[in-house]
Amino acid sequence: MLPIFMSKYFTYKNANIHYSTKGKGALIILIHGFLEDLSIWSDTSKYLSNNYQVALIDLPGHGKSDCLGYVHSMELMAETILQLMKTLKKRKCHLVGHSMGGYVALAFAELHPDKVKSLSLVCSNARADKPEKKRERTKAIQLVKTKKELFVEIAVPELFNYNLKTNLAGIKRIKKIAHKTSIQGTIAAISGMRDRYEREIVLKFAPYPVLIIGGEKDQIIPLEWLREQALIAENCQLKIIPNIGHMPFIESPLIFESILKRFIDQS
Ligand code: MLT
């Protein structure tokens, strides 16, 4: 598949961070999730770049971006988003984050609320991990240290509604990206997610519109959490896409893209 965007890099704390942009207009930044890279947004960005400037980034330790250390906190990753905006000379953006990318978007929104035009959380949430989940993450780190391939083989299918044969190609595509993610990058992201702060307060006082998109069959982020979180933000829309898991932009791209664009157009 030909790359639809040109690869570019900026430097942050001596690390090369990979990004790409296309289109003109108000800036939309799409932030991928754990074990993904910027290519997951290929369909979404093609669609949105007819009307907007769309910027994609490989978070530290993912895709073609270097690692910044052994723990990538959500705040540290959020600072690379700020650096991206500085590189593009933009003061404000529509932020869209998938899962871990949503945790990063929330950290960014807390640090720089004046730079956010709208916030879209895609299969993500503002809560911190419960103690049980933190223990699971610590165990996952041990598995990644010795058997990263096995970890990827188990983790990726869980992201999809894998009862649907139509998702097999998507599972294969994400596995390929996840297998390329380095052990250091994988562990740094798991550690950062495990230690992240709760950010419901960011939703509660959001001075910009918020969109929460969920998948009906998401096994990672339960729908109940999304419903509860949608009640926290005053100016919030909740959209649940039927019969899909944690990967709406791959499992149901057309519905996903039209929900997202309609929201950003209104914001
Ligand atoms: C992701 O898809 O980014 C992660 O699965 C999120 C998480 O593990 O909390």
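Predicted model: local features only at pLDDT ≥ 70, side-chain atom pairs only at ≥ 80, totals over all residues.
Me: Thanks! Which side chain does Asp 265 meet in a salt bridge?
Reply: Lys 261, at 2.8 Å from N to O. A salt bridge here is a side-chain nitrogen of Lys or Arg within 4 Å of a carboxyl oxygen of Asp or Glu.

Me: Where do Lys 261 and Asp 265 sit?
Reply: Both are in helix H10, residues 253-266, and being four residues apart they are separated by about one helical turn. Helices (H or I, at least four residues) and strands (E, at least two) are DSSP runs, numbered from the N terminus.

Me: And Lys 261, buried or exposed?
Reply: Lys 261 is buried, with a relative accessible area of 16%.

Me: What about Glu 136, which residue is its salt bridge partner?
Reply: Lys 133, with the closest N and O atoms 3.8 Å apart. Glu 136 is partly exposed at 43% relative accessibility, and Lys 133 is partly exposed at 31%.

Me: While we're on H4, how do the axes of H4 and H6 lie?
Reply: They come within 10 Å and cross at roughly 170 degrees. Axes are lines fitted to C-alpha atoms, for helices over the stretch in contact, and angles run from 0 to 180 degrees between N-to-C directions. H4 and H6 are therefore roughly antiparallel to each other; angles under 35 degrees count as roughly parallel, over 145 as roughly antiparallel, 65 to 115 as roughly perpendicular and the rest as oblique.

Me: Which residues of H4 and H6 meet there?
Reply: Among them, Ile 141, Val 144 and Phe 151 from H4, and Ile 187, Ile 190 and Met 193 from H6. Contact means heavy atoms within 4.5 Å. By class, this contact has eight nonpolar, three polar and five charged residues.

Me: New topic: in what order do the strands of the open sheet come?
Reply: The order of the eight strands is E1-E2-E4-E3-E5-E6-E7-E8, and the pairing is mixed. Two strands pair if DSSP finds at least two bridges between them. Strand E1 (8-12) and strand E8 (236-241) are at the edges with a single partner strand each, so one side of each has no neighbour in the sheet. On average, neighbouring strands are turned by 20 degrees against each other, direction ignored.

Me: Which helix packs on the sheet, touching E1?
Reply: Helix H2 (residues 74-88), which also touches strand E2 (15-22), strand E3 (27-31), strand E4 (53-57) and E5. The direction of H2 makes about 120 degrees with that of E1.

Me: How do E1 and E2 run where bridges join them?
Reply: They run antiparallel, with five bridges. Tyr 12 stands opposite Ala 15 in E2, and Thr 11 has Asn 16 in E2 as its bridge partner. E1 and E2 form a hairpin with two residues between them, and Lys 13 in the turn has a positive phi of about 50 degrees.

Me: Why is E2 largely enclosed by the rest of the structure?
Reply: Because six of its eight residues are buried. E2 also pairs with E4 in the antiparallel sense over four bridges, where Thr 21 stands opposite Ala 55 in E4.

Me: Last one: in what sense do E5 and E6 pair?
Reply: Strand E5 (residues 93-98) and strand E6 (residues 116-122) pair in the parallel sense over six bridges. The bridge partner of Cys 93 in E6 is Val 116.

How values were computed: Residues numbered from 1 in each chain as written. Heavy atoms only, no water. Buried < 20%, exposed > 50% of the residue type's maximum accessible area, 1.4 Å probe, protein only. Nonpolar A, V, L, I, M, F, W, Y, C, P; charged D, E, K, R; others polar.
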